[in-house]
Amino acid sequence: MSMMRNPDDPAPYSRSASWRKGVRYSLISMVIGLFVSFFIGLGDSNQLTPLQFAFGALYGLLISTGAWMTEVFFVSLLQERRLPTALLRFVSYFLGGMIGHLVAHTAVLAFLGFDHRWYSEVLVVRTVVFGLFAALIGLVFHANERLRVRLREREEALRRSELAAALAESELEIARSIQERLLPPPEIEGSGFRVSARNVAAKVVAGDFYDVFREGDSTVCCVVGDVAGKGVGASLIMASVKAVLPLMTSGRSVSEALDALNAKLHSELASREFVALVLVRFDAATGILQVANAGLPDPLLVRGARDLEPLTVPGQRLPLGAMASTLYEEHEVVLAEGDRLLLYSDGLPEARIDGVEVGYQRFVEIAARAAEAPSSWLDGILHEFEEADEDEDDRTLVALERREAPR
């Protein structure tokens, strides 16, 4: 029995879908009519004839059509009065079933030449019974159709969700590719210095970053930053900070550069957005190294084979953007040839191995052991973290080494 969709149902039918549904339920109703004819004929084998089955199929088709017509005109009309939908459908299918039965009965009588044996008090009972039968079958069909609609909607929602996830993943991969291209090469050599860097992202897009840029022939600046948060938002902040850093350091000391950058970020970032950052300026001609720190771990200075010395910057160490009134200080040392400086983000000492946090003391020990192989210092450090628990934070390392300037 073809059913019109309840206007309260969540998804509208297309015209083609409605016709397909009508044909499907009409065919089902005809099959039901055939089965009814079969069971009626079980008591009298003489009634199990092709003509009897044809009548059964006709009854099923016309009852289905009657129920569909009453649903279209009756339910849609009376629903405006906010009557119970289930009751309306039951009544409409009941009336449609009786109408369909009477039409089928009249058609059969006409085909048989109005055989008066069909006129009896049984007709009223049969009409009511077929009306009730149509109502029950109609409600089953309607419930089935609602279920089909909801399943289609969920499938469509899942498909859209999967498509959105695929697009988001693709966009993140593109963002990561762009982010990687924004980072300097992992190995940079200049007159009197060498810089190595590694950046391991916990997610597709990293919140950590590093930068290396020159100021004149013998001066180089190194930066390691950690943006609060993860994902595309953090990467956008990272790109913005990286873009303005060379401008902020030009003509300023490293502490003054952080002061200026802090004021800019405080006016632009939201209340929970900030950037932890350490800035180093190294003059290879004199060996003078200046450090300013805004919330990252103390850089580690390696003199000799394994002697590590943390370079602690005095004064305030709040991340950039956290407080407008923050004033930063700097620390200055002189590097001898072969001395190395390690800048790193807190994702390394805060990593967990076998459920235990590495901690800053253990990280210093790891860095000291790896320092025995200067050519692969950073890779040696990261090798110690291969057995770490699932990454929760980015890991960034930058090593600056003073080398003999070419003569």
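**View A. Asp 389 in a loop of the predicted model.** In this predicted model, Asp 389 is partly exposed, with a relative accessible area of 31%. Asp 389 sits in the loop that runs between helix 8 (377-383) and strand 13 (395-402).

**View C. Arg 159 and Glu 156 in helix 4.** The side chains of Arg 159 and Glu 156 are joined by a salt bridge, with an N to O distance of 2.7 Å. Both residues belong to helix 4 (residues 122-182); they are 3 residues apart, so about one helical turn separates them. Arg 159 is partly exposed, at 44% relative accessibility. Glu 156 is also partly exposed, and its relative accessible area is 30%.

**View D. Arg 160 and Glu 156 in helix 4.** Glu 156 also forms a salt bridge with Arg 160, in which the closest N and O atoms are 3.5 Å apart. Here the spacing along helix 4 is 4 residues, about one turn of the helix. Arg 160 has a relative accessible area of 48% and is therefore partly exposed. Taken with View C, Glu 156 is paired with Arg 159 and with Arg 160.

**View E. Glu 309 and Arg 303.** A salt bridge links Glu 309 to Arg 303, and the closest N and O atoms are 4.0 Å apart. The pair counts as a salt bridge because the cut-off is within 4 Å. Glu 309 counts as partly exposed, at 37% relative accessibility. Arg 303 counts as partly exposed too, at 30% relative accessibility.

**View F. A network of salt bridges.** Glu 187, Glu 189, Arg 194, Arg 198, Asp 379 and Arg 403 form one network, joined by salt bridges that share partners. How many salt bridges does the model contain by the rule used here? The count comes to 14.

Definitions and conventions:
Residues numbered from 1 in each chain as written. Predicted model: local features only at pLDDT ≥ 70, side-chain atom pairs only at ≥ 80, totals over all residues. Heavy atoms only, no water. Helix = DSSP H or I, 4+ residues; strand = E, 2+ residues; numbered from the N terminus. Buried < 20%, exposed > 50% of the residue type's maximum accessible area, 1.4 Å probe, protein only.
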